Amino acid sequence: MADVHSKEIRSYNMSKIRSKDTKPELYVRKFLHSQGFRYRLHVKDLPGKPDIVLPKYKTVIFINGCFWHGHEGCRYYVIPKTRTEWWLNKINRNIKNDAESILLLKESGWNIIVIWECELKKNTVDFVFSSLIATLRSH
Ligand SMILES: [Zn+2]
């Protein structure tokens with residue numbers, strides 16, 4: 001059977017697959033676990049398939065790759081110089097999907113936490129993690 005996917009779509013699909021259990025996500029999970037939080041992963045029946053779900057706190061966490069989710073003003077969000085329009089369409093669609101998922105989740109009473117991959121760098125991670133805990137405890 002002929003491969004109908006263009007090279008770009010293929011590599012996009014590949015990165016979608018890789019994006020499960022990516023390092024940043026494991027990092028956050030490990031931290032939550034160490035703090036005694038219990039969670040579920042990739043809950044498919046929730047909008048946007050949140051990466052981490054804490055039913056007890058009625059909270060979902062998305063850990064967003066800065067590139068794929070179009071982190072505005074982030075230095076890791078740089079649209080490639082080739083096939084620029086294709087990439088923009090792709091990423092703008094992700095941004096739109098994210099916004100829709102968040103809206104739906106909010107409507108059903110979920111608290112939503114979005115952690116950007118760039119926030120998990122050494123100099124900001126402590127702050128991000130402590131505000132994460134504070135937010136969870138407040139719910
Ligand atoms: Zn970022």
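This is a predicted model: local features need pLDDT of at least 70, side-chain atom pairs count only at pLDDT 80 or more; totals for chains, interfaces and linings use all residues.
## Strand E3 and its two faces

Strand E3 spans residues 59-64, and 6 of its 6 residues are buried. In a regular strand, side chains alternate between the two faces of the sheet. In E3, Thr59, Ile61 and Ile63 point one way, while Val60, Phe62 and Asn64 point the other way. Residues on both sides of E3 are buried.

## Pairing with neighbouring strands

E3 pairs with E2 in the antiparallel sense, over 3 bridges. Within this pairing, Val60 of E3 is the bridge partner of Val53. The hairpin formed by E2 and E3 has 4 residues between the strands, and Lys58 there adopts a positive phi near 45°.

E3 and E4 run parallel and are joined by 6 bridges. Here Phe62 stands opposite Val114 of E4. Together with helix H3, which covers residues 84-107, E3 and E4 make a right-handed β-α-β unit.

## Contribution to the nonpolar core

The largest nonpolar core has 14 residues, of which Val28, Ile52, Val60, Ile61, Ile63 and Ile115 touch the most other members. Strands E2 (52-54), E3 and E4 (111-116) each supply at least two residues of this core. E3 provides the largest share, with 4 residues.

Neighbours within four places in sequence aside, Ile61 is in contact with Val28, Pro50, Asp51, Ile52, Ile113 and Ile115. Among these contacts, Val28, Ile52 and Ile115 are also listed with Ile61 as core residues that touch the most other members.

Terms used: Residues are numbered from 1 along each chain as its sequence is written. A nonpolar core is a set of buried Ala, Val, Leu, Ile, Met, Phe, Trp, Tyr and Cys residues joined through C-beta atoms within 7 Å. A residue is buried if 20 or more other C-beta atoms lie within 10 Å of its own, exposed if 12 or fewer, and partly exposed in between; C-beta atoms are placed from the backbone. Two residues are in contact if their C-beta atoms, placed from the backbone, lie within 7 Å. Two strands pair if DSSP finds at least two bridges between them. A crossover is right-handed if, with the strands pointing away from the viewer, the path from the first strand over the helix to the second runs clockwise.
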